[in-house]
Amino acid sequence: MSNQPLPELIAQAQQLLTQIRQHPQFLALQIDADVTIGDVTQFLNALGWEATACAVDVSREGFFQ
């Protein structure tokens, strides 16, 4: 199991996804899938946002006042 923070792992996955999307072998494939690269990108963006939002310390008194 990795000791890297989740946001770092998500960023690495996004970088790999970009490399895969631009790879000549990927571009040559004719894949008919239910999930697209765009779907995965959107999921990683949402996951990254949630992981970052959860790391924010909102426990200070009066934060929402």
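Mentor: Let's start with a term: a crossing is left-handed if the near helix is turned anticlockwise from the far one by less than a right angle. Keep in mind that this model is predicted.

Trainee: Which helices here make a left-handed crossing?

Mentor: H1 passes H3 in that way. H1 covers residues 6-22 and H3 covers residues 37-54.

Trainee: Why is H1 called roughly antiparallel to H3?

Mentor: The two helices pack at an angle of about 165 degrees, with 9 Å between their axes. Angles over 145 degrees count as roughly antiparallel, so H1 is roughly antiparallel to H3.

Trainee: What makes up the contact of H1 with H3?

Mentor: On the H1 side, the residues include Leu 6, Ile 10 and Leu 17. Among those they meet in H3 are Val 40, Leu 44 and Ala 51. The residues of this contact divide into 10 nonpolar, five polar and one charged.

Trainee: How do you know what the order of elements in the chain is?

Mentor: Read from the N terminus, the elements run α-α-α.

Trainee: What share of the 65 residues is buried?

Mentor: Buried means under 20% relative accessible area, and 8% of the residues count as buried.

Technical notes. Residues numbered from 1 in each chain as written. Predicted model: local features only at pLDDT ≥ 70, side-chain atom pairs only at ≥ 80, totals over all residues. Heavy atoms only, no water. Axes fitted to C-alpha atoms, helices over the stretch in contact; angles between N-to-C directions. Helix = DSSP H or I, 4+ residues; strand = E, 2+ residues; numbered from the N terminus. Parallel < 35°, antiparallel > 145°, perpendicular 65-115°, else oblique. Contact = heavy atoms within 4.5 Å. Nonpolar A, V, L, I, M, F, W, Y, C, P; charged D, E, K, R; others polar. Buried < 20%, exposed > 50% of the residue type's maximum accessible area, 1.4 Å probe, protein only.
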